[in-house]
Amino acid sequence: MPTQLPFTKSEAKTWAKQTIRDWYDCPCTPFLPDDSLDEDGLRRNTEYYIDIGESGLVVGGFVAECWNTSVTEWMRYHEVIAEAADGRIPLHTIIFDQSVHQAMEKLNFVEKLGYVAAEVVTPIVQLRSDQEIYDYFKYLADHSNLALLFYRSMVSGHLISLDLCRRLAEIPSYVGMKQGSLNHVDSVKLRRMVGDDFIVSDPIETHWLNDLRHGGQVLYGAFHHIAYGKKRHLLEEYTALARAGQWDAAFEKWTELTPVRDLADEIMLAPLAGNFTYATLLGNLKAWYEAMGLAMGVMRSPIRQVTPEKKEWLRGRLKELGVI
């Protein structure tokens with residue numbers, strides 16, 4: 001596994017602008033009925049993500065249920081993915097620790113495995129003011145060699161201000177952000193506030209076509225490129241058409257995805273917008289992936305399982321829509 005980063009801190013923003021593009025999805029994690037990690041399933045899934053052309057993987061966060069693992073389990077999970085990827089795809093981790101010291105232990109660990117970047121979630125247990133949150137992010141930048149991104153979302157319990165985003169974007173090794181407020185206007189406004197060398201990613205595929213008009217370059221920390229299955233080509237095609245300036249043709253392809261997009265919104269984004277937690281929607285996403293043939297297994301305790309009836313209903317809808 002490679003361990004040499006392809007950039008220095010001073011080069012991180014340029015490297016990211018050139019390489020973090022298209023689809024950087026967050027995979028779900030397969031667990032066995034005894035709540036243990038399904039390592040074989042995780043390896044098979046990683047192979048699938050590489051085969052379908054994922055640009056990079058953003059792993060170890062909320063969607064991966066890694067908020068519900070021990071540190072030892074978190075580290076083993078990252079080892080398995082690094083072994084399976086074997087340098088064939090860029091790997092990013094996600095950090096949501098309240099302690100910068102625990103966060104640094106994790107960042108140092110994954111750097112040795114060949115991970116190149118980390119998305120950092122806002123701490124909220126004690127650090128609440130803009131200055132306190134800035135100091136947390138700055139500490140990580142000062143002590144880690146990885147390229148760093150931050151996540152602006154109420155999922156963390158605190159939606160950081162646009163001005164704090166601007167300040168964080170000035171730190172050399174912060175190369176981008178996942179702008180998860182669910183308000184596309186914020187994404188467009190932030191691009192005007194930060195430098196051209198800083199990536200602002202709006203992770204909502206519904207916004208993606210318009211986002212391409214306004215400087216978007218990556219769906220970061222999302223799930224759509226994986227989840228769209230046999231309809232994935234439409235996402236790829238309208239993206240290519242938009243980048244070629246063929247906006248009318250791109251819109252036609254974007255529109256063809258509307259029924260699939262509506263289903264995803266119904267069972268995934270609607271719960272997220274309602275309570276700003278992934279725990280409610282993760283079972284639905286795992287059932288969707290399971291219907292596609294991916295290893296998913298159970299929701300890890302104490303999260304409730306999706307009922308067999310709902311799984312069957314979802315499988316039927318995905319067949320009707322041509323996703324599977």
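Student: How much space lies in the largest cavity?

Tutor: This is a predicted model, and a search of the whole structure finds three cavities of 30 Å³ or more. For the largest cavity, the space comes to about 190 Å³.

Student: Which residues are the closest to the centre of the largest cavity?

Tutor: The lining of the largest cavity is made up of 21 residues. By class, 16 of these are nonpolar, four are polar and one is charged. The closest to the centre are Lys178, Phe223, Leu269, Leu272 and Tyr278.

Student: Which helix gives the most to the lining of the largest cavity?

Tutor: At least two lining residues come from each of strand 8 (218-222), helix 12 (258-275) and helix 13 (279-291). With three residues, the one that gives the most is helix 12.

Student: What is the volume of the second largest cavity, and which residues are the closest to its centre?

Tutor: The volume of the second largest cavity is about 90 Å³. Its lining has 15 residues, and by class ten are nonpolar, three polar and two charged. The closest to the centre are Cys26, Phe62, Val63, Ile94 and Lys178.

Student: In what order do the strands of the open sheet lie, and which are the edge strands?

Tutor: Strands of a sheet pair through backbone hydrogen bonds, either parallel or antiparallel. Here the open sheet has eight strands with parallel pairing, in the order 7-6-5-4-3-2-1-8. An edge strand pairs on one side only, and that applies to strand 7 (199-201) and strand 8.

Student: By what angle are neighbouring strands of this sheet turned against each other on average?

Tutor: The angle is taken with direction ignored. On average, it is 20°.

Student: Which residue in strand 7 is the bridge partner of Met177?

Tutor: Strand 6 (residues 174-179) pairs with strand 7 in the parallel sense, over three bridges. Met177 has its bridge partner in strand 7, and that partner is Val200.

Student: What angle does the direction of helix 7 make with that of strand 6?

Tutor: Helix 7 (residues 184-193) packs on the sheet, where it touches strand 5 (147-152), strand 6 and strand 7. The angle between the directions of helix 7 and strand 6 is about 160°.

Student: How many residues apart are Glu39 and Arg76, whose side chains meet in a salt bridge?

Tutor: The structure has a count of 18 salt bridges. In the one between Glu39 and Arg76, the N to O distance is 2.9 Å. Glu39 is in helix 2 (residues 39-51) and Arg76 is in helix 3 (residues 71-85), so this pair links distant parts of the chain, by the helix numbering. Their separation is 37 residues.

Key: Residues are numbered from 1 along each chain as its sequence is written. This is a predicted model: local features need pLDDT of at least 70, side-chain atom pairs count only at pLDDT 80 or more; totals for chains, interfaces and linings use all residues. Side-chain values use heavy atoms; hydrogens and water are left out. On a 1 Å grid over the protein atoms alone, a cavity is a set of points where a 1.4 Å probe fits but cannot get out, and a pocket is an open set with protein on both sides within 12 Å along at least five of seven lines; lining residues have an atom within 4 Å of a point. Grid points are joined across faces, edges and corners, and a volume is the space filled by probe spheres set on the points. Helices (H or I, at least four residues) and strands (E, at least two) are DSSP runs, numbered from the N terminus. Ala, Val, Leu, Ile, Met, Phe, Trp, Tyr, Cys and Pro count as nonpolar, Asp, Glu, Lys and Arg as charged, and the others, Gly among them, as polar. Two strands pair if DSSP finds at least two bridges between them. Axes are lines fitted to C-alpha atoms, for helices over the stretch in contact, and angles run from 0 to 180 degrees between N-to-C directions. Contact means heavy atoms within 4.5 Å. A salt bridge is a side-chain nitrogen of Lys or Arg within 4 Å of a carboxyl oxygen of Asp or Glu.
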